[in-house]
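Hi there,

Here is the structure I promised to pass on to you.

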Amino acid sequence: MNFLNIEEIKNFSVNNINLGLKPFISSLIILIVSVILIKLVMIITQKIINITKFNEQREKTIKSIIDSVAAYFILTFAVLTILSEFGLIKKATVLTGAGILTLIAGFGAQNLIKDVINGFFILFERQMKVGDFVGINESYYGTVEEIGLRATAIREWTLKKIYIPNGEIKTLKNFYKDKARVIVEVIIPFEENHDEVKKALIDVCSIINEKYSDKLYKIGNTNYSEFNLLGITSLDGKYGGAKYVITGVVLPHHQWFMRNRTYEMILQTLNERKIKIGYPKFWLYENSK
């Protein structure tokens, strides 16, 4: 690629070279500033990588790419500026050359830059961390294993590992963020005694709160929200009866464990008290004609 104007080359003369003291001092300052900028980029990339969980090989690869690209642009701009200080090229050519390089990089690495920028936001805003269970774009659900500047890796329940470019992450659900609400629904036939059902489910909540107190979300020693009976939320016959709902707020890592234990306790308690659990029923009518 030719950054210099052809006419500049034809009209170039040794007499055009500026050999005064000022160009040498300016060039020295430019070199010093360039080295400082390159070192600064290297320090920043190292700090960012330190808070991710990549293996050593990937860390070195990513850091090497970012540092190399930054050094290339900084040194190219520095060389063009120094040449202009000595009168070898016009100052306007510096901006033209740097602009062309930037334009090429923009077209050639547009997706990469988008991934890296989004990666910065994910890291600095702490939207997720390694070990969190997340849902990405309503399509991928799994445990975060790696968070990189370019991509995030999650492990699905099937143990498949999925790499998602950070630039493609539009929506992010973090199931392990601070606290989680457990919602348990149980259908009871309309024929059952409502007062007995209510008492049985309240007893279930009391047992759960006492037995699994260490897994409830608390502020200090005060429970933020123990398990309790929300009540009847539907009388729609298609469910096979009235829908009762129990809710509770727990530590995020225990939400599915607590949901399963609650279902088990409901089944056990209702069976002991001879209370039936509802299910959809189908009625057949015989035509008498």
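Which helix holds both Glu264 and Arg261, and how many residues apart are they? Both sit in helix H7 (residues 255-272), three residues apart, or about one turn of the helix. Please keep in mind that this is a predicted model. The side chains of Glu264 and Arg261 form a salt bridge at 2.7 Å, N to O. Glu264 is partly exposed, with a relative accessible area of 45%, whereas Arg261 counts as buried at 19%.

Another network turned up as well: salt bridges with shared partners join Glu145, Glu146, Arg155 and Lys161. Within that group, Lys161 and Glu145 meet at 3.4 Å, N to O. Lys161 belongs to strand E4 (residues 161-165) and Glu145 to strand E2 (residues 140-147), so this pair ties together parts 16 residues apart in sequence. Lys161 is partly exposed at 29% relative accessible area, and Glu145 is partly exposed at 26%.

Helix H6 (residues 194-211) carries Asp203 and Lys199, four residues apart. Their side chains meet in a salt bridge at 3.3 Å, N to O. Here Lys199 counts as exposed, at 51% relative accessibility, while Asp203 is partly exposed, at 22%.

For the overall picture, the structure holds ten salt bridges, and the chain has seven helices and ten strands. Of its 289 residues, 37% are buried. The chain exposes about 18800 Å², with carbon and sulfur atoms supplying 60% of that area.

Key
Residues numbered from 1 in each chain as written. Predicted model: local features only at pLDDT ≥ 70, side-chain atom pairs only at ≥ 80, totals over all residues. Heavy atoms only, no water. Helix = DSSP H or I, 4+ residues; strand = E, 2+ residues; numbered from the N terminus. Buried < 20%, exposed > 50% of the residue type's maximum accessible area, 1.4 Å probe, protein only. Areas by Shrake-Rupley, 256 points an atom, 1.4 Å probe, with all protein chains shown as cover. Salt bridge = Lys/Arg side-chain N within 4 Å of Asp/Glu carboxyl O.
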